[in-house]
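Colleague: Please show me the model, and then let us discuss it by question and answer.

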Amino acid sequence: MLLRAMDRFFSHEASGGILLMLSAVAALIVANSGLAGAYDAFLGAYLGVTVNGEGLEKPAILWINDGLMAVFFFLIGLELKRELLEGKLKNPRDVVLPGAAAVGGMALPALVYVAINWSTPATLDGWAIPAATDIAFALGILALVGSRAPSSLKVFLLTLAILDDLGAIVIIALFYTAELQVNYLIAALVPLALLLFLNFKRVHRVAPMILLGAVMWYFVLKSGVHATLAGVITAFCIPMKDKWGKSPLHSLEHGLAPYVLYFIIPVFAFANAGVVLQGMSFAALLQPLPLGIALGLIIGKQLGVFGVTFVMVKAGLARMPWGANWLHIYGLSCLAGVGFTMSLFIGSLSFDDPLLMNQVRLGVLSGSLVSGLLGYGALMLAARDTAGDEEEEAAEAA
């Protein structure tokens, strides 16, 4: 019975989003309970891998954020390459509307954040935090709506979120690079060259490429460039087709996805979502940092995604997703404001101060929660209105 229930849960489209939410709730409970000391001690515990004094020694939280998230970005890179070569991003015409909506959905939240934090220069570095969309969470909420939402909405949201992640990768590369160590960056070119050679030869075995990717990750990390980019670059070097016509990329993506969805992302959420609520009042949410993030996710995303979509469709530059109405688009725009994983990740790159990071968590969690509830409510209302219209049309036909 238990195994059947677990199988039913993990086969549901919303399972990843639900597990992510449960991990965030668990982090909130632990961070505000008697286990808070053990929670902080675990995340701050130093773990090292050294040979003759050379290697890496970091606290557990950075192993999660730099190491496990590199695997997450590796999967994102595999998905991006597949979509570009044979999926939703292959035909430029299919990318125009979600692409423009993704740009608007990144620019407007950043502008909202900057407007609110303009007078506090210490927090301006967090401008990119509300620009992100959490694919697993957003798609999980959409899956809860089920067949009551047109299937075109899932394609639209998935394409938008993929392009959003691509934008986040570019932002991390350009704006979140520490002091550059050129010698390590040059060293990273050696495993990269070998990866490109193996890709050119269309080799089938992925183990050597994963090993080379791990070596490149180490050099990129030591160079000062954020190491998650090594995951994306390694993914783009995995052959789409080997010399026998099989797809190492498909096999690797299919095999890796469950571990990322059901282990890496929940672990990241548990490690990063622990907002300390002790001594905090409602006024804490009105401070520039959490308010900028929350309003960026709630208002900025709606204005960016819905506004750009409305202008593009009304100007005749793109067509509405098939079977969708404007309430559907509004609901989807709200779901794009569920930043969670990516927003917390960019927040961890923006601020080292634990007090500021607590404010980041507060803003991300509140903004994502409100966005998710608004999106779910709007989509359910749109489904009810659509059903009512269909009943009226059937009655008139009769």
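Modeller: Helix 14 is mostly covered, as ten of its eleven residues are buried. Helices here are DSSP runs of H or I with at least four residues, numbered from the N terminus, and buried means under 20% relative accessible area (1.4 Å probe, protein chains only). This is a predicted model, in which local features need pLDDT of at least 70, side-chain atom pairs need pLDDT 80 or more, and totals for chains, interfaces and linings use all residues. Residues are numbered from 1 along each chain as its sequence is written, and side-chain values use heavy atoms, without hydrogens and water.

Colleague: Is S350 buried or exposed?

Modeller: S350 lies in helix 14, which spans residues 340-350. Its relative accessible area is 13%. The limit for buried is under 20%, so S350 is buried.

Colleague: Which backbone oxygen does the side chain of S350 reach?

Modeller: S350 also touches D125, G126, I129 and Y176, leaving aside residues up to four places away in sequence; contact means heavy atoms within 4.5 Å. At 2.8 Å, its side chain reaches the backbone oxygen of I346.

Colleague: At what angle do helix 4 and helix 10 pack?

Modeller: Two packed helices are described by the angle between their axes and the distance between the axes. Axes are lines fitted to C-alpha atoms over the stretch in contact, and angles run from 0 to 180 degrees between N-to-C directions. For helix 4 (residues 60-86) and helix 10 (residues 228-236), the axes are 7 Å apart and the angle is about 35°.

Colleague: Which residues of helix 10 does helix 4 meet?

Modeller: Helix 4 contributes residues including N65, F73 and L84. Their partners in helix 10 are T228, G231, V232, T234, A235 and F236.

Definitions and conventions:
Helix = DSSP H or I, 4+ residues; strand = E, 2+ residues; numbered from the N terminus. Buried < 20%, exposed > 50% of the residue type's maximum accessible area, 1.4 Å probe, protein only. Polar contact = N/O pair within 3.5 Å; in protein donor to acceptor, adjacent residues only side chain to side chain.
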